[in-house]
Amino acid sequence: MRKSFYITTPIYYPSAKLHIGHAYCTTLADTMARYKRLAGYDVFFLTGSDEHGQKIQRTAEKEGVTPIAYVDGIVAGFQKLWERLSVSNDDFIRTSEERHIKVVQEIFRRIYEKGDIYKGEYKGLYCTPCESYWTNLQLDDNGCCPDCHRPVEEVAEEAYFFRLSNYADRLLQHIEENEDFIQPVSRRNEMINFIKQGLEDLCISRTSFDWGIPVPGDEKHVIYVWFDALTNYLTPIGFLDDAEKFAKFWPADIHLVGKEIVRFHSIIWPCILMALDLPLPKQIYGHGWLVVKGDKMSKSKGNVVDPLLLIDEFGADAIRYFLLREINLGQDGNFSRDALITRINADLANDLGNLLHRTLNMIGKFQGGILVDPAGGATEFDESLTADAKTAVDNYTREMDVRALSDAVKTAWNFIGRASKYIDETAPWALAKDPAKKGALAAVLYNLAESLRIISIMVAPIMPTTAQKIHEQLNLPGDFAAVRLSDAEWGKTPLGLTVGTPVQLFPRIEIEGEGKQAVKKNKGKKS
Ligand code: MSP
């Protein structure tokens, strides 16, 4: 039986325009999903939108539209962005969809019947923009929300509670016994300390607004956001309507989330699942933030970078490459336009682009575009190149398997550098001058084309469009979508192949000025 892999991103709030920080999270998940498909897994990759809550209701009221009309427009923008970023999600869940509403209500019903949801009174301080409750002790010096520093509201209302406290011991035991459950380790330790301080029951309903999923049988209450949001992970994989699919994909292999929401995913979510007698996800991975000069990118700080504009300017693959290469998963990473341009010029235009261009040019010039049979010809450098290709694929596989994505990218690029060095070592232009070296020349050009074929496979999860272009320029037989990691074995390029004409993958970006003021001169050119 084929192995399955279920990966999720968080579902995004449609309260603000998505920025490159959100795109970071989705790019990571997409790369992991694509890698697993390449490795032969049946993958289900889920993303979506988290649409309910008072904040959305108020914004819609201000704009004079219904909440659903308001979110429809924004969510269409999310979907367009993911498409333009080459995100290969298998489903997009909207929490306002009927299929999800049914799941949330059924989960509420089941846990209520079990006795782990009860009615009580909620008193607290609520920050609407952050959709968070705070205690007096947590407020900032001005008595405002410690996160966004805006005023909080006192609320007292009848509400439903989930008995989180019932599950604290079991959860702690599970975390301690399963080292991989929360990653990276720093987040795991934070969560262990948090749970050890004791868990209070969780308020899961509100009566002060109605843009939400009604509590079954008590419709003046709507289910409060996290209970609604987290359960999205069960909706599209057949929780209520397709037992076979559900058995295949649950438990999830990884919920990839930003570090500030690890707490909700590794405490509330497992307790809901325990109350439902469902197995817990295999891993919750808390990635770091994309920061600008040390500050988290966010709308309230006014430092957001619009991913659509960046895609227009540089192309999706260059942005994906930058995000994956520059930031170590789990740590914060800096975004800067200058660093992006430097990476494009050095790693994409120069290293990868030149290797392809030079190789195809030489095959065209010296052999009429054909990979001719070396008939025993060889050079003293061939064996080390083939050995290095194998080592690169092995390392890349190991690194991808342990989610060391930026290391896997570096490994692929080291091999690009290795293949470029092989051109210098073998000097094909010199071989071409000597008729006695015809076989050696054919071997060198074959080895370069073969290296590029293997590179295209390693690049596929990172820069899918570029990988496909390499496949097409090499004119390799078959559909690139059908290529698997197991094809990254030396020797699969057919002899006699006529390669295509080279087309530049990434034009170099000329910049004017220095440092932060650097601007792109050759506008309009994309990968
Ligand atoms: N709706 C909730 C998630 C519910 S999941 C059941 C939410 N939405 S969000 O839109 O505010 O954030 C979604 C994700 O984007 C989070 O994982 C968050 O960490 C991530 N990011 C938002 N800004 C970011 C950066 N500047 N950098 C990296 N990731 C960032 O939370």
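Which side chain of opposite charge is nearest to K36, and how far away is it? In this predicted model, that side chain belongs to D401, 4.0 Å away. K36 has a place in helix α1, which covers residues 20-38. Although K36 is buried, it has no salt bridge. Apart from neighbours within four places in sequence, K36 is in contact with F5, Y41, V43 and D401.

Elsewhere, charged side chains do pair, and the structure holds 35 salt bridges. One of them joins E51 to R94, with the closest N and O atoms 2.6 Å apart. Because E51 lies in the loop between β2 (42-49) and α2 (54-63), while R94 belongs to strand β3 (residues 91-94), this pair ties together parts that are 43 residues apart in sequence. Both E51 and R94 are buried. By contrast, K123 and E121 are exposed, and their side chains meet in a salt bridge at 3.6 Å, N to O.

A further salt bridge connects R325 and D347, whose closest N and O atoms are 3.8 Å apart. This pair links distant parts of the chain, as R325 is in helix α11 (residues 316-326) and D347 in helix α12 (residues 337-367). R325 is buried, with a relative accessible area of 16%, and D347 is buried as well, at 7%.

A polar backbone atom of G258 is 2.8 Å from an oxygen atom of the ligand, and a polar side-chain atom of E260 lies 2.9 Å from a ligand oxygen atom. A polar backbone atom of L290 is 2.8 Å from a nitrogen atom of the ligand. Taken alone, the ligand exposes 660 Å², and the protein buries 95% of that.

How values were computed
Residues numbered from 1 in each chain as written. Predicted model: local features only at pLDDT ≥ 70, side-chain atom pairs only at ≥ 80, totals over all residues. Heavy atoms only, no water. Helix = DSSP H or I, 4+ residues; strand = E, 2+ residues; numbered from the N terminus. Buried < 20%, exposed > 50% of the residue type's maximum accessible area, 1.4 Å probe, protein only. Lys, Arg positive; Asp, Glu negative; His and termini not counted. Contact = heavy atoms within 4.5 Å. Polar contact = N/O pair within 3.5 Å; in protein donor to acceptor, adjacent residues only side chain to side chain. Areas by Shrake-Rupley, 256 points an atom, 1.4 Å probe, with all protein chains shown as cover.
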